[in-house]
Amino acid sequence: MAPAAASGGSTLPSGFAVFTTFPDLLFILEFVFGGLVWILIASSLVPIPLVQGWVMFVSVFCFMATTALLILYIVGAHGGETSWVTLDAAYHCVAALFYLSASVLEALATIGMQEGYTYKHYHENISAVVFSYVATLLYVVHAVFSLIRWKSS
């Protein structure tokens, strides 16, 4: 199978075709897991404000940017131009890198709060770490397939 066929072609979908093509289908999962990270970080105890601030920035930025891209793709704002394929690949690479750094820092902060915090707070942060790594994986997969689509465009 050719790389273009594996990634759903070399152009971006428009309308509700966004929900039926891969890797664009991953927008929904990125939206869900990014939202879960955002909610869990916002509601958790903040042991290290700088680390939690970065994780919160990454989750909110990626949530908003993913939502904006999804809406723009649905309305067909890209008009089939290849510059949007480049934007898609660049965004998902940056988002994957941001989420990886946020996931590692959140895991480090969670390990540091094993003692001296309540069981509930510790488990909230563990959940945030798990969902953050799932979001990282989704963004990495989307980035890889977006780069394949970019290369074939």
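Helices (H or I, at least four residues) and strands (E, at least two) are taken here as DSSP runs, numbered from the N terminus. On this basis the chain holds five helices and zero strands, and its elements run α-α-α-α-α from the N terminus on. The model is a predicted one, in which local features need pLDDT of at least 70 and side-chain atom pairs count only at pLDDT 80 or more, whereas totals for chains, interfaces and linings use all residues. Residues are numbered from 1 along each chain as its sequence is written, and side-chain values use heavy atoms, with hydrogens and water left out.

Of the 153 residues in the chain, 40% are buried, where buried means under 20% relative accessible area, exposed over 50% and partly exposed in between (1.4 Å probe, protein chains only). The accessible surface of the chain, computed by the Shrake-Rupley method with a 1.4 Å probe and, for residues, with only the protein chains shown counted as cover, comes to about 7600 Å², and 78% of this surface belongs to carbon and sulfur atoms. With contact defined as heavy atoms within 4.5 Å, residues 24 or more positions apart account for 77% of the contacts in the chain that have a separation of 6 or more.

A nonpolar core is a set of buried Ala, Val, Leu, Ile, Met, Phe, Trp, Tyr and Cys residues joined through side-chain atoms within 4.5 Å. The largest such core has 28 residues, of which Cys-62, Tyr-73, Tyr-91, Tyr-99 and Tyr-139 touch the most other members. At least two residues of this core come from each of α2 (26-43), α3 (49-75), α4 (82-112) and α5 (119-152). When neighbours within four places in sequence are left aside, the contacts of Tyr-73 include Leu-12, Pro-13, Val-18 and Phe-27, together with His-78, Trp-84 and Asp-88.

Aromatic pairs were assigned to rings of Phe, Tyr and Trp (its six-membered ring) whose centres lie within 6.5 Å, with planes under 30 degrees apart counted as stacked, over 60 as edge-to-face and the rest as tilted. By this rule the count comes to 13 aromatic pairs. One of them, between Phe-22 and Phe-145, is edge-to-face, with 4.9 Å from centre to centre and 80° between the planes. Because Phe-22 lies in the loop between α1 (3-6) and α2 while Phe-145 lies in helix α5, this pair ties together parts that are 123 residues apart in sequence. Phe-22 counts as partly exposed at 33% relative accessibility, and Phe-145 likewise counts as partly exposed, at 22%. The rings of Phe-61 and Phe-98 have their centres 6.1 Å apart and their planes at 55°, so this pair is tilted. Phe-61 lies in helix α3 and Phe-98 in helix α4, and the pair therefore ties together parts that are 37 residues apart in sequence. Phe-61, at 34% relative accessibility, counts as partly exposed, as does Phe-98 at 22%. Ring pairs also link Phe-61 and Phe-98 with Trp-54 and Phe-57 into a cluster.

Most peptide bonds are trans. A cis peptide bond, with omega of about 15°, joins Phe-22 and Pro-23, and Pro-23 is placed in the loop between α1 and α2. In the loop between α3 and α4 lies Ala-77, which counts as partly exposed at 41% relative accessibility. The C-alpha atoms of Ala-77 and Ser-14 are separated by 8.2 Å, although the two residues are 63 residues apart along the chain.

A polar atom of the Ser-44 side chain lies 3.2 Å from the backbone oxygen of Ile-41. Ser-44 also touches Gln-52, Glu-124 and Asn-125, not counting residues up to four places away in sequence.

The unreviewed UniProt entry places the feature "transmembrane region" at residues 27-46, 53-77, 89-113 and 125-148; UniProt positions are given in the numbering used here, feature names are shortened, and annotations may be inferred rather than shown by experiment. In the model, residues 27-46 are 85% helix and 0% strand, with end C-alpha atoms 29 Å apart, while residues 89-113 are 96% helix and 0% strand, with end C-alpha atoms 36 Å apart.

Technical notes
A polar contact is a pair of N or O atoms within 3.5 Å; within protein, one must be able to donate a hydrogen and the other to accept it, and residues adjacent in sequence count only if both atoms are side-chain atoms.
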